[in-house]
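Please read them with the structure open.

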Amino acid sequence: MRIFDPHIHMTSRTTDDYEAMYEAGVRAVVEPAFWLGQPRTSPASFVDYFDSLLGWEPFRAAQYGIAHHCTIALNPKEANDPRCTPVLDLLPRYLVKDNVVAVGEIGYDSMTPAEDTALATQLQLAADHELPALVHTPHRDKLAGLRRTLDVVRESELPLERVLIDHLNETTVKEAKDAGCWLGFSVYPDTKMDEDRMVAILHTHGLEKVLVNSAADWGKSDPLKTRKVGDAMLDAGFSDDDVDQVLWRNPVAFYGLSGRLALDVTDTDVTDTHEGNSILRGGA
Amino acid sequence: MTELPAVADLRSHLDTVLGGAARAWLDQATDEATTHASAEATEAAETTGVSGAEATGPAEAAGAVAGVPPGSARPSAPATTPVWELRFAEAGRRCGPDHADTARLLLLYAAHAGTGTLTRLYEQGTATERRAVLRSLPRLVPGPDALPLIEDALRTNDTRLVAAALGPYAATHLAPHDWRQAVLKCLFTGVPVDAVAGLARRARADAELARMLGDYADERTAAGRKVPGDLYRVLALTDPSAANGRGAPAPTGTDGQAPSGPDGQASADTGGPDGLAPTSQAGPTAPAPIAAPSTSTGEEQES
């Protein structure tokens with residue numbers, strides 16, 4: 001089983017996680033820029049964070065045989081802090097970089113006017129830089145947040161077909177699918193989706209344009225949830241090819257819209273844990 | 001307008017629970033804060049030419065600002081940290097974690113800290129220091145100037161800060177949309193809605209809040225998850241016919257039942273971790289719910 005985790009915050013994870021992920025079949029990840037739990041107070045700390053997503057973290061991932069790309073954005077929560085909003089002016093110089101495969105995570109947190117501005121601005125940046133966008137749906141008031149999100153995307157120059165709507169669940173999947181977006185599901189130990197509900201959604205809504213991620217971060221989360229969904233799909237009667245579509249080909253197709261996905265990992269750590277680069281070729 | 005707890009009552013409470021060394025420390029720290037406030041008042045008067053105060057202000061006379069020439073310490077950006085602000089930071093070590101909130105409140109009150117100072121202390125503070133700043137707002141900031149601090153606290157995932165942010169200051173000043181989001185956040189993160197000052201008054205006839213609560217209940221149900229009990233309590237309060245504070249199925253002291261005031265202001269303003277007995281609720285030193293999450297759903301992770 002080859003796995004592409006399209007949303008995982010490896011900065012918050014250990015090398016043990018990288019080893020276990022590789023063992024489980026993970027060969028590629030995308031790490032979206034997001035909130036760090038502790039609020040940042042200046043654009044400078046974003047610069048260091050973005051540089052880390054483009055420097056140290058892909059280097060670390062490569063040591064474990066995993067291709068690492070990232071998405072760059074000002075997240076919706078910190079878009080509310082006037083100390084952070086100047087980050088928006090810094091984004092263009094990051095969005096041209098090779099390893100940046102989308103603008104994200106953007107979207108809504110509390111659905112404030114400041115978040116409206118940041119979302120619309122960054123959708124435009126995505127269009128300008130020929131990048132797709134990773135848009136998360138808010139934790140609170142999720143359905144209303146989804147509708148408002150879709151409205152803002154429709155008003156933007158970025159086509160809905162280049163948008164991945166993330167953190168979907170039973171109440172939001174249909175409207176996102178009907179709109180023509182890519183459909184992201186985060187599978188968590190206690191919250192968001194779980195493996196069995198994920199399988200049920202796949203039965204009901206099909207496999208097309210569906211991406212499953214662990215969204216693992218510094219909170220209670222599990223970087224192996226992608227593998228567990230794959231196993232649950234097989235147990236429920238889906239084929240190996242079905243699993244490959246959801247856990248590999250769909251994320252490759254979505255982030256491939258950037259034209260920048262490179263799934264050959266150059267190992268920087270010569271150990272016997274890697275099976276070689278050819279296994280990683282997924283067709284960017 | 002409901003009454004906030006009397007400063008003297010907060011102090012006399014601490015006098016009964018603190019040891020001698022901590023009391024002596026608090027005496028000195030309070031004096032330093034008071035002196036600082038006087039110095040600033042004097043300086044302000046000199047600046048505006050209203051008063052011919054003595055050339056040697058009480059600030060440097062008492063060493064309230066270490067190593068700073070007279071007149072160079074500004075409330076918004078002091079060149080050197082005023083001594084009382086260091087006392088504010090170290091209150092936990094001196095008075096113990098259970099009493100630090102109350103001690104810090106007393107220092108903020110004694111210093112007559114304004115929005116600029118409170119903002120600085122909040123931004124430089126740990127979560128416990130920030131909590132004290134949030135609790136001080138109803139007494140120290142009459143208008144909405146300090147709302148950015150409330151909004152910042154509501155963006156965190158720290159349930160102690162979320163709870164402290166939802167005291168009477170937020171009840172008075174927080175905009176409806178932000179307030180609804182905050183109530184929903186309590187349900188998400190397991191903060192008991194008892195922490196929300198003025199809950200019954202603000203929830204009543206709020207159809208948009210009722211809609212949001214209903215959607216959230218649907219979402220939980222669709223996921224096969226339990227709907228938090230507090231959700232139904234708040235939903236009942238949105239009923240336009242609900243009497244203020246009496247529409248909740250499980251009313252508690254903060255929904256208007258507290259003798260100290262219909263908005264539970266007394267309980268939300270004083271230091272929750274102070275160890276005050278809940279039975280003292282009729283008095284002005286009734287404790288705030290500390291809002292350790294009872295049943296955190298963990299939903300509030302920003303991934």
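1. Helices (H or I, at least four residues) and strands (E, at least two) are DSSP runs, numbered from the N terminus. This is a predicted model, in which local features need pLDDT of at least 70, side-chain atom pairs count only at pLDDT 80 or more, and totals for chains, interfaces and linings use all residues. Residues are numbered from 1 along each chain as its sequence is written, while chains are lettered from A and ligands numbered from 1 in the order in which they are written.

2. A:Lys225 lies in helix H9 (residues 225-235) of chain A. A residue is buried if 20 or more other C-beta atoms lie within 10 Å of its own, exposed if 12 or fewer, and partly exposed in between, with C-beta atoms placed from the backbone. A:Lys225 has 27 C-beta neighbours inside 10 Å and so counts as buried. Leaving aside residues up to four places away in sequence, A:Lys225 touches A:Val187 and A:Ser214; contact here means C-beta atoms, placed from the backbone, within 7 Å. Between the C-alpha atoms of A:Lys225 and A:Leu247, 22 residues apart along the chain, the separation is 11 Å.

3. Chain A as a whole has 10 helices and 8 strands. Its radius of gyration is 17 Å, close to the 19 Å that the globule rule gives for 284 residues, so chain A is as compact as a globular protein of that length. The radius is taken over C-alpha atoms, and the rule is 2.2 Å times the number of residues to the power 0.38. Buried residues make up 51% of the 284 in chain A. Of the chain A contacts between residues at least 6 apart in sequence, 72% join residues at least 24 apart.

4. The contact between the chains takes 26 residues from chain A and 21 residues from chain B. On the chain B side, helices H8 (147-155), H11 (176-189) and H13 (207-222) each give two or more residues, and H13(B) has the largest share, 5 residues. That side divides into 10 charged, 6 polar and 5 nonpolar residues. Ala, Val, Leu, Ile, Met, Phe, Trp, Tyr, Cys and Pro count as nonpolar, Asp, Glu, Lys and Arg as charged, and the others, Gly among them, as polar.

5. Just after H11(B), B:Gly190 takes a positive phi of about 80 degrees.

Key
Two residues are in contact if their C-beta atoms, placed from the backbone, lie within 7 Å.
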